[in-house]
Amino acid sequence: NSKTNENSIILYKNFRISVLKHGIIRIEKFDGDFNDYPTQKIMNRYFPKVNYKVEYQDEFLVVCLDTYKLFFNGVVEESYIKYHGECIKLNNDFNLGGTYETVDGMDGDKQTIKHVNSKINDGICSRNGVALLFDSDSYCFDSEMNFSHINPDELDLYVFFYPNDYRSAVKDFFEMLIEERKKEQVSLNIV
């Protein structure tokens, strides 16, 4: 289900903030209807409600979860996560990158066939725990699972926070990649 659980949504100014998993928060900005369609990167956004509470400190909306707090003021570059007293900025500065060996001629970060663009994209794990996945430029699927339009959200950002728990980050991301009805058909051995 690509539509987020309504009990997991916080509206703040012209943002919709969704607490999808304990370690995944979606931040959208739009001046109309928000995007609930599946995209090239994210198919499933419906998960059981995570325990959190909302506070306001100075100009920040604060989303308080069991082990960390997200401080968001409407500007990603000024926002951060507070974890064990440390403020961790929302950026990909410590991102570990994606890992893959594919038919496109790449083996990790080494080219086996000459390509123009060989940069490995950012992944969902990082050395400081914060990884950002931008979905604003993805195509959306219609109800027949055909490409229909570009994501209309001005900002569609998934904040992953899994300090030193890469296995859970990958497991939770995998749950967002497939439709609920197909989970039984797909096997990924991550425990």
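**Entry 1, the model.** I note at the start that I am reading a predicted model.

I began with S5, residues 60-64. How many of the residues of S5 are buried? I found five of its five, so I wrote the strand down as mostly covered, taking buried as under 20% relative accessible area. I then looked at each face of S5: Phe60, Val62 and Cys64 lie on one side, Leu61 and Val63 on the other, and all are buried.

I looked up S4, residues 53-57. S4 pairs with S5 in the antiparallel sense, and I have five bridges for the pair. Across from Val62 in S5 I found Glu55. The two strands make a hairpin with two residues between them, and in that turn Asp58 has a positive phi of about 50°.

I moved on to S6, residues 69-72, which runs antiparallel to S5 and is joined to it by four bridges. This hairpin passes through four residues. Opposite Val63 I found Leu70 in S6.

I went back to the loop between S4 and S5, where Glu59 sits. Is Glu59 buried or partly exposed? I wrote down partly exposed, because its relative accessible area is 47%. Which residues form the negative surface patch? My list has Asp58 and Glu59, together with Glu77 and Glu78.

Conventions:
Residues are numbered from 1 along each chain as its sequence is written. This is a predicted model: local features need pLDDT of at least 70, side-chain atom pairs count only at pLDDT 80 or more; totals for chains, interfaces and linings use all residues. Side-chain values use heavy atoms; hydrogens and water are left out. Patches are made of residues with over 30% relative accessible area and no salt bridge: like charges are joined within 9 Å, nonpolar side chains (Val, Leu, Ile, Met, Phe, Trp, Tyr) within 5 Å. Accessible areas come from the Shrake-Rupley method with a 1.4 Å probe; for residues, only the protein chains shown count as cover. A salt bridge is a side-chain nitrogen of Lys or Arg within 4 Å of a carboxyl oxygen of Asp or Glu. Lys and Arg count as positive and Asp and Glu as negative; His and the chain ends are not counted. The place of a charge is taken as NZ of Lys, CZ of Arg, CG of Asp or CD of Glu. Buried means under 20% relative accessible area, exposed over 50%, partly exposed in between (1.4 Å probe, protein chains only). Two strands pair if DSSP finds at least two bridges between them.
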